[in-house]
Amino acid sequence: MTFVENLTLFVLAAFVGYEIITKIPTNLHTPLMSGANAISGITLLGSVVVAGSGSTTLATALGFLAVVMATINVVGGYLVSHFMLEQFSRGGSNR
Amino acid sequence: MPASVLQFIYLVSGVLFIQGLRDMTHPRTATRGNQISALGMFIAVLVTALWFEILSPLVLLAALVVGGAIGTWLAVTVETTEMPQLVGLFNGFGGGASALVAGAELIDQFTTGTSATLPVGLTASAALAGLIGAVTFWGSLVAAGKLHGVVGDSPVSTNVGHALKGLFFLVAVAAGLFLVVQPSLLGSVPLAEWIPSFWVLVVSASLLGIFLVVPIGGADMPVVIALLNSYSGLAAATTGFVLNNTVLIIAGTLVGASGLILTVIMCESMNRSLTNVFFGGLGADSDSEDVDDMYEGNITETSPEEVTMLLETAGRVVVVPGYGMAVAQAQHAVAELVELLDENGIDAEFGIHPVAGRMPGHMNALLAEADVPYDKMRELEEVNPTFSQTDVVIVTGANDVVNPLANEDDSSPIAGMPILNVSDAQMVIVNKRSLSTGFSGVPNPLFAEDNTSMLFGDAKGTMQELVTEYKEATN
C-alpha cells in the first residue's frame with residue numbers, strides 16, 4: 001500500500017466516523033467514549049507485530065510493554081462499556 | 001495464505017467496528033454494538049498473531065495475560081463516579097502503546113540498514129505516532145490524576161508555562177523533522193547515529209503533554225478527556241501508516257473522529273473554545289464581599305418536611321442532578337424519589353446538562369446505574385421549555401449548570417454557557433452542603449432568588465430523608 005492509498009482510507013474513515021458518531025445520543029456518550037477507547041487499543045495489533053518480530057532485545061522489550069498497555073486498554077474498555085450498557089438496557093426495560 | 005487474505009480479514013474487522021458504532025446510536029442495540037466491536041478486535045488480533053508467526057509466543061501470551069488481567073480487574077472494581085479517570089487512564093495506555101510501537105519498529109530497522117534505506121513515509125509516521133502517543137500518555141495520566149484528586153485541580157495560567165509548552169513543542173517538532181529529513185540529506189549513515197532523535201522527540205512530547213494538562217482546571221476535564229481520546233485514536237491511525245496496516249488506520253480514525261466530535265459538543269455545552277480551555281484559566285477570583293451582599297438576607301432555608309408538602313401538591317417535578325449528587329452516591333435515593341412521584345401520578349423527570357459530571361454523558365451513566373429508565377432522562381434543549389410548566393425543581397449537587405449569570409453577566413467566566421433555566425419553575429429547591437461555589441468559582445445568584453429555597457445537607461442523607469418523609473406523607 002502506498003502512502004496515498006493509506007491516506008485515502010484515512011479520509012474516507014473520517015467521513016464515515018463523523019456520519020455515525022454525530023447520530024449517537026448524549027445519553028450514550030460515556031459508553032461510546034470507553035468503547036471508542038477500547039477500539040483505540042487496536043494499536044495492540046501493531047504491538048503484536050513488533051513484539052513478535054523484534055530482532056533486538058530492546059525492541060522486544062518495548063513491544064512487550066506496548067502489548068501489556070494496549071491489552072489493558074482493549075479488555076478494560078470493552079468491559080467497562082459492557083457493564084454500563086447493561087445498566088442502560090435494564091433501566092429501560094424494567095418499567 | 002496469500003497476503004490478500006490478511007487484508008480481507010482486516011477489512012472484515014474494520015466493518016465490524018463501523019457496524020458496532022452504528023448500533024451505539026440507540027440504547028436498545030448498544031450492548032450488541034459493543035460486542036460486535038469487541039468481536040472485530042478479537043478477529044484482528046487473532047489473525048495478526050497467526051499471520052506473523054510470532055517468534056516468541058510465550059512472551060506474547062504472557063503480555064496478553066498480564067494486560068488482560070489488569071484491564072479486567074480495573075473494569076470490575078471501578079465505581080461509576082470514578083469512571084472518567086479510568087477512561088482517562090485507558091486512553092493514556094492506548095497512546096503510550098502507539099508511541100512504543102513506533103519506537104520499537106524504528107529500532108528494529110537499525111540492525112538491518114542505513115538511513116538511506118528508510119522510506120520517508122515510515123520515519124514521518126513514526127515521528128507523528130511518537131509525538132501524539134507521548135502527549136496522550138502523559139496528558140492522560142495528569143488528567144486522570146486530577147480527576148482522582150491526586151494532582152491539584154485548580155486552574156493556573158502563567159506566561160512561563162506557555163513559553164515552556166511552546167519550547168517543548170518546537171523541540172519535539174525539530175527532532176521529528178530531523179528524523180524525517182536526515183535519511184535523504186546525509187545518504188547512507190548508520191541508523192544508530194540518528195535514532196536518538198526519536199527519544200529526544202518522545203521526551204519533549206512527554207513534557208509537553210504534562211505541561212499542557214497541569215494548568216487546566218477540573219471543570220474543563222470533560223473536554224480534555226474527550227480530546228485525549230481523539231489523540232489516542234490518531235496515534236493508532238499514525239501507527240497504521242508506519243506499519244502499513246489498514247485496520248489500524250480505519251479503527252484509529254474512527255476513534256479520532258469520535259473524540260473530536262465529543263470535544264466539540266463539550267466545548268459548545270460550556271461555550272468555551274478549545275484555545276480557551278488550553279490557554280486560559282477559568283476565573284477563580286470572585287469578589288467575596290459581593291458574594292456576601294448577594295446572599296445576605298436573601299437566602300431562604302427549607303426542610304425535607306416542607307419540600308414534601310410541596311411535592312404532594314405538585315403536578316410536575318424535575319430533578320436536576322450534578323456531580324455533588326454523584327460524589328455523595330445519592331443517585332439511588334434520587335431515582336427512588338422520582339419513581340415514587342411517578343407512581344403517585346406526578347410527571348417527574350430528570351433534567352440533565354451535557355457537562356454535568358466529569359465526562360460526556362457521565363450523569364446518564366450514573367443514573368442508569370440506579371435503574372432510571374432511559375426515557376426519564378431529558379436533555380437540556382428538551383427540558384428547558386418545560387420549566388415554566390413545572391411546579392418544583394429539585395437541584396441536587398449541581399451548581400454551575402444552573403447559574404443564571406451565564407445568561408446575564410457578559411463579564412462572567414461562564415458567560416454564554418447554555419444553562420438549565422430552573423428559575424422559570426414555580427419553586428426551586430437547591431440541595432447543597434453550603435453556599436460555596438462550583439468548579440467555575442463563580443457565585444450563584446439563583447440561591448438568592450425569591451422562588452428558591454436552600455435545602456442544606458449532604459445529597460445522599462437529604463435525599464433519603466426526603467424519600468422517607470414523602471413515603472410517610474403519601475401512605
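Good morning. Because the model is predicted, local features need pLDDT of at least 70 and side-chain atom pairs count only at pLDDT 80 or more, while totals for chains, interfaces and linings use all residues. Residues are numbered from 1 along each chain as its sequence is written, chains are lettered from A in the order in which they are written, and side-chain values use heavy atoms, without hydrogens or water.

I begin with chain B. Chain B has 18 helices and six strands; these are DSSP runs numbered from the N terminus, helices being H or I with at least four residues and strands E with at least two. Its C-alpha atoms fill a box of roughly 85 × 50 × 35 Å along the principal axes. Of the 475 residues in chain B, 57% are buried, where buried means under 20% relative accessible area with a 1.4 Å probe and protein chains only. Among the contacts in chain B with a separation of 6 or more, 80% join residues 24 or more positions apart; a contact means heavy atoms within 4.5 Å.

Next comes the largest nonpolar core, which has 172 residues. Such a core is a set of buried Ala, Val, Leu, Ile, Met, Phe, Trp, Tyr and Cys residues joined through side-chain atoms within 4.5 Å. Val320(B) is one of the residues that touch the most other members.

Where does Arg316(B) lie? Arg316(B) belongs to strand S1 of chain B, residues 316-321. Arg316(B) is buried, with a relative accessible area of 9%. Its side chain makes polar contacts with the side chains of Glu349(B), at 3.3 Å, and Thr386(B), at 2.8 Å. A polar contact is a pair of N or O atoms within 3.5 Å; within protein, one must be able to donate a hydrogen and the other to accept it, and residues adjacent in sequence count only if both atoms are side-chain atoms.

The second residue, Gly41(A), sits in the loop between helix H2 (29-40) and H3 of chain A. Is Gly41(A) buried or exposed? Gly41(A) is buried, with a relative accessible area of 0%. Gly41(A) and Ala70(A) are 29 residues apart in sequence, yet 5.1 Å apart in space, C-alpha to C-alpha. Gly41(A) also has a contact with Met41(B).

H2(B) gives the most to the lining, six residues. By class, the lining has 13 nonpolar, one polar and no charged residues.

Finally, the second largest cavity has a volume of about 60 Å³. H2(A) supplies the largest share of its lining, four residues, and the lining divides into six nonpolar, five polar and no charged residues.

On terms: on a 1 Å grid over the protein atoms alone, a cavity is a set of points where a 1.4 Å probe fits but cannot get out, and a pocket is an open set with protein on both sides within 12 Å along at least five of seven lines; lining residues have an atom within 4 Å of a point. Points are joined across faces, edges and corners, and a volume is the space filled by probe spheres set on them. Ala, Val, Leu, Ile, Met, Phe, Trp, Tyr, Cys and Pro count as nonpolar, Asp, Glu, Lys and Arg as charged, and the others, Gly among them, as polar.

Definitions and conventions. Buried < 20%, exposed > 50% of the residue type's maximum accessible area, 1.4 Å probe, protein only. Lists of a residue's contacts leave out its neighbours within four places in sequence.
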